[in-house]
Amino acid sequence: MQNARHFVLIAVLVVIVAVLTYLGLDAIGLLPVAASAQSAPIDWLFDLELKLIAFFFALIMVPLVYSLVVFRRKDGDETDAEHIEGNTGLEITWTAIPLLIVIALGIIGADNLRQVRIVDPQALEVKVVAFQWGWRFEYPQGFVSNQLYLPVDQQVVLKMESQDVLHSFWVPEFRVKQDIVPGRVEEYRITPSLVGEYKVRCAEICGASHAYMESPVVVVSQADYDQWVNIRAEAAKAEALASAGKPDATRGEKLYQESGCKACHSLDGSKGVGPTWKGLAGSARKLADGSTVTANQDYLAESITLPIAKTVEGYPVNAMPNFGYLTDAQVADLVAFIETLK
Ligand SMILES: [Cu+2]
């Protein structure tokens, strides 16, 4: 009779502590707003796991604390505790039940993954290039953007590549995360479900400026998206027509002003954070590794898109940010501009 009272009391306390623990965990708001169709199954599973965590926490902590308080040794009690030589029934139970729970979670998890990966053959395709340290988004309409614009309620498949090291594409509001491995094209499917502005961050430490590797992700209505795409597609077409593939020093000078090169490279021979561009083209460059190269077009282009490849003597490695998001035509324009600086 005495035992039954303990069990009933513990059972009631377990239920109360489990519910309070779950409500507490839920109130913290561990997840940001859900902004993709794929969030629904993921958040559902996350919630189920929070409930299980709360229940098992209570199931372990309540009997433990209860025993410490109720069954502690009373003053003057010198008797030894009862000796128990195991309990087969109990051991089978506490092996079998967790095993069933883990198997069930495995099945639920697999089905969850299936739901998250449902393929829409009509999905919009955008190419994503990750580089140290930024993102470039290449649209099938022939233009490049530094922000990812997406229409709401339409599945998009991102074909993701890395230009250098491991990166990871992560928009917490979309829930799904995908590593990007150099030399491979990774697929990432998402159906944005909520108009708004988010951020993609790199979730794989990838070097000194990893923490700043983020770009805007903007989810808009289909009409706004179409307008955004049209404006950029037209501009890209006009630019392609205008240059007709020829590098142009005037456009290069504009890029020098607007892309931030100006902050570190002077045009008048004075030394800044980086070497001056005056007289650079065609000159012999002494590199940090002791070798010498001629500053031809290939060298100049490489210095812009992959600065870590070669470092000029007397300058720190990695001091120049990676400008891998510039298109080949823009790099050619910059090189043409540098070549005018005799
Ligand atoms: Cu990264």
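Guide: A residue is called buried if 20 or more other C-beta atoms lie within 10 Å of its own, exposed if 12 or fewer, and partly exposed in between, with the C-beta atoms placed from the backbone. What you see is a predicted model, where local features need pLDDT of at least 70 and side-chain atom pairs count only at pLDDT 80 or more, while totals for chains, interfaces and linings use all residues. Numbering runs from 1 along each chain as its sequence is written.

Visitor: Why is aspartate 153 called partly exposed?
Guide: Aspartate 153 has 13 C-beta neighbours inside 10 Å, so it falls in the partly exposed class. You will find aspartate 153 in the loop between S4 and strand S5 (156–162); helices (H or I, at least four residues) and strands (E, at least two) are DSSP runs, numbered from the N terminus. The phi of aspartate 153 is near 60 degrees, a positive value in a residue other than glycine.

Visitor: And what makes glycine 314 exposed?
Guide: Glycine 314 is exposed because it has 9 other C-beta atoms within 10 Å. Glycine 314 sits in the loop between helix H6 (297–305) and H7. Its C-alpha is 6.9 Å from that of alanine 288, although 26 residues of chain lie between their positions. Asparagine 318 is in the loop between H6 and H7 too, but with 14 other C-beta atoms within 10 Å it counts as partly exposed. Asparagine 318 also has a positive phi, near 70 degrees, in a residue other than glycine.

Visitor: How do you know that the length of helix H3 agrees with its residue count?
Guide: H3 covers residues 88–116, and its 29 residues should span 42 Å at 1.5 Å a residue; the end C-alpha atoms are 42 Å apart, so the two agree. The expected span is 1.5 Å times one less than the number of residues. The number of buried residues in H3 is 0, so the helix is hardly covered.

Visitor: Why are H5 and H7 called roughly perpendicular?
Guide: H5 and helix H7 (residues 328–339) pack at an angle of about 100 degrees, with axes 7 Å apart. That angle makes H5 roughly perpendicular to H7, since the class runs from 65 to 115 degrees (under 35 is roughly parallel, over 145 roughly antiparallel, the rest oblique). Residues of H5 including Leu255 and Tyr256 meet residues of H7 including Leu334 and Phe337.

Visitor: What makes S4 and S7 edge strands?
Guide: Their sheet is open and mixed, with 5 strands in the order S4-S10-S9-S6-S7. Strand S4 (148–151) and strand S7 (177–180) each have a single partner strand, so one side of each lacks a neighbour in the sheet. The twist averages 25 degrees from one strand to the next.

Visitor: How do you know that S9 and S10 pair?
Guide: Pairing takes at least two DSSP bridges, and 6 join strand S9 (residues 196–202) to strand S10 (residues 214–220), running antiparallel. Valine 200, for one, has serine 215 in S10 as its bridge partner. Strand S6 (residues 167–170) and S9 also pair antiparallel, over 2 bridges. Tryptophan 170 is bridged to arginine 201 in S9.

Visitor: What makes the bond between glutamine 132 and tryptophan 133 a cis peptide bond?
Guide: Its omega is about 0 degrees. Tryptophan 133 belongs to the loop between strand S1 (124–131) and S2.

Technical notes: Axes fitted to C-alpha atoms, helices over the stretch in contact; angles between N-to-C directions. Contact = placed C-beta atoms within 7 Å.
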